[in-house]
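Let us walk through this model together, one contact surface at a time. Keep the viewer open as you read.

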Amino acid sequence: MPPGIVGKGLPTYFSWQHAYMSAVTSNSYLESLLQGQPHLPAAPLAWFNELRADAVDRVGALTVPTTRDEEWRFTDISPLTKLSFHPARNAPQLDAATIDGFVLPEAGARLTFIDGVYAPQFSFNNAGVVVENLAVGVTRHGAQIEPHLGRHAEFRGDVFAALNTAFLHDGALIIVPRDASVTAPVHLLFIATQQEAASYPRCLVVAESGSAVTVVEDFVALQPDAAYFTNAVSEIVLADNAHLNHVRVQRDNGAAFHIANCAVSLARASRYRSVSVALGARISRYHLNVLQAAESAECTIDGLALIADRQLADTHTCIDHAQPHGTSRQLHKCIVGGAAHAVFNGKIMVRPGAQLTDSSQSSRNLLLTGKARVDTKPQLEIFADDVKCAHGATVGQLEAEEVFYLKSRGLTEAAARNLLTYAFGAEIIARIPVASLKHCLEQTVLAQTNR
Amino acid sequence: MIYQDSKTLLAVRGLRVTVNDIEILKGIDLTVKSGEVHAIMGPNGSGKSTFAKALAGHPAYVVTGGEVMFEGKNLFELAPEARARAGVFLGFQYPIEIPGVANSQFLRLAYNTVQAQRGKDELDPLEFDDFVREKMKLLEMNPDFLDRSVNEGFSGGEKKRNEILQMALLEPKLAILDETDSGLDIDALRTVANGVNQLATCDNAIVLVTHYQRMLNYIVPDYVHVMEGGRIIKTGGKELAVELETRGYDWVGVEYKINARPAA
């Protein structure tokens, strides 16, 4: 379907009820999520509306995964389905001071979303490139958006990606034109404020050939106890020789549910570097899919999950080497305290013909208590014969020799353990290319390890 | 240096220690007074390092007998960190690498912890930076080592300098230096020894644990003790170290057995 504008002037209203009735929704929970917002303004683009309708259909055809699904074996999301969530109709009015603590002074642009609703009063753009609300940008930049939106994050088989796509409206749109280099980071700030709010953050980044940009996705909460549901989808597309730094910080509150899909597509000799940090949420799941769609693409994917109490943090990654000469580097760390549970599944796919792929993956895990648990699974699927693929996983506790060394210098047992735990996580934090965020997270990690 | 009427810092009586249920120390007696430098020498496996680690409170070293008084207090009633704060310092034979912790951060944390314990002022990062740079000059250390992770990627000599730097910061009453000379070239040895000598006062004491005599050319001991089989089998002055260097350790053991026989 070619892009086209249907009906100029007032937007027509797209009927949810109709679309959803047409689908046979087997799962009453999904029905209730869809029912949350009966009317969403239709975009003046047919393909956009069709994409949403298609997604609504898919939600109807899919079910909420259970631990019987291989991909969700270790992650029981049934607590999510015991609560009801509704999209926020209106974002609450917040004082500017409220978001002061989340501001990144280096940012050249910021888009703020409150409970999923775009908040222009907390947004600005001095980046010199397109950084705007998707709901607005879709009409202006339709031709650049249509080939990508909903085309990379596969929603036909993923109910959460489908739900997000069904709610397509506000979101972040970043388009970096050919050979443009944006030095100041673009900050996408997602603030959760309300109990039972469901939000569907959406992000599309198109980095055209030879361009460079740093994007920070930052998920924060104002209420420490409000249970809310964040279901995010990001699509990131790098054209030839484009460079992109992607920082993702999930610091939801401890009652939240956070499910996110991110799909990255890399063209020839492009370079994608990502650091994702998961600190919050009662249950979180981040699924990152990187497709090296052309020769000589490069990616570095680092992750840290630092959790305690009864938190569950699941990170699924897939690096798909589909073409020759690709490089991937991955370091994923989990620090698990209390009775928390971390899951890491790192798939490395090397397709037939993707010769001279050079890939390494390391999963390192620190268990702080006897009840802490980690399930880590490297998953290598290699169908080419001239490749270099290294992987390793370790699960352990703090080294007694290290603890003793620090104690012999006067540090208490607790201080020694905290410092070593902090150091374990700091290796990942140190890779964040935004100094203020790095510093802030170092303090957060320090505070969390000092609990 | 031996001073008249100096007080006893460390009194070890009949110390027995096991590691993994194997008895390594079989009754050690040693008295160290303030101002003194003691060298504990002996072949590999004689128990020298075990003695050093047991004094510092390493959890793998289990005390099964005897007592150790430090300034009149039972040392074994103190946790390792409390011993450090009370003024016991162990210079590690193999200093531990701690990736992710900046050396400056570690040094300041250790310094401030001990300062607080002594009721003295703690230093903020800027004040500490000036302070530690002065101390580093003593050991001819490059200030770049402050920004690197603790001991990570340091050469053997750099690690040992970093140990003595910690000694300089913490100002212990009793410094036990375990094989501080191993892995040092002669220039580094001279520098490190010079640093230790400058830290020695009439109020503190140093116990050097070493296999070789060469460090004792630079840090001159008042007493030399020879360990074998978990016991101190001979004690002499600095000339004993020279004799050990030329004659080896075997003769000391033979002499000990001959002397011990009538008593047995």
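Helices (H or I, at least four residues) and strands (E, at least two) are DSSP runs here, numbered from the N terminus. By that count, chain B has eight helices and 12 strands. Its radius of gyration (taken over C-alpha atoms) is 18 Å, close to the 18 Å that the globule rule gives for 264 residues, so chain B is as compact as a globular protein of that length. The globule rule is 2.2 Å times the number of residues to the power 0.38. Along its principal axes, the C-alpha trace of chain B spans about 65 × 40 × 40 Å.

Before going further, a word on conventions. This is a predicted model, in which local features need pLDDT of at least 70 and side-chain atom pairs count only at pLDDT 80 or more, while totals for chains, interfaces and linings use all residues. Residues are numbered from 1 along each chain as its sequence is written, chains are lettered from A and ligands numbered from 1 in the order in which they are written, and side-chain values use heavy atoms, with hydrogens and water left out.

Now turn to chain A. An automatic or database domain assignment gives it domain 1 (13–294) and domain 2 (399–451). The centres of these two domains, taken over C-alpha atoms, are separated by 31 Å. Where do they touch? Counting contacts as heavy atoms within 4.5 Å, 13 residues of domain 1 of chain A meet 13 residues of domain 2 of chain A. The buried area, meaning the accessible area (1.4 Å probe) that two parts lose on being put together, summed over both, is about 1000 Å² for this pair, with carbon and sulfur atoms giving 79%. Glu106(A), Val275(A) and Leu279(A) supply 41% of what domain 1 of chain A buries there, more than any other three residues.

Next comes the meeting of the two chains. Here 17 residues of chain A are in contact with 31 residues of chain B, and the chains bury about 2000 Å² between them, 69% of it on carbon and sulfur atoms. Phe404(A), Tyr405(A) and Arg409(A) supply 41% of the area that chain A buries against chain B, more than any other three residues. The rule finds one salt bridge across this interface: the side chains of Arg409(A) and Glu163(B) meet at 2.7 Å, N to O. On the chain A side, α8 (400–407) and α9 (413–429) are the elements that give two or more residues.

Finally, a search of the whole structure finds 31 salt bridges over all chains. One joins Arg364(A) to Glu427(A), with the closest N and O atoms 3.8 Å apart. Arg364(A) lies in strand β22 (residues 358–367) of chain A and Glu427(A) in helix α9 of chain A, so the pair ties together parts that are 63 residues apart in sequence.

Conventions. A salt bridge is a side-chain nitrogen of Lys or Arg within 4 Å of a carboxyl oxygen of Asp or Glu.
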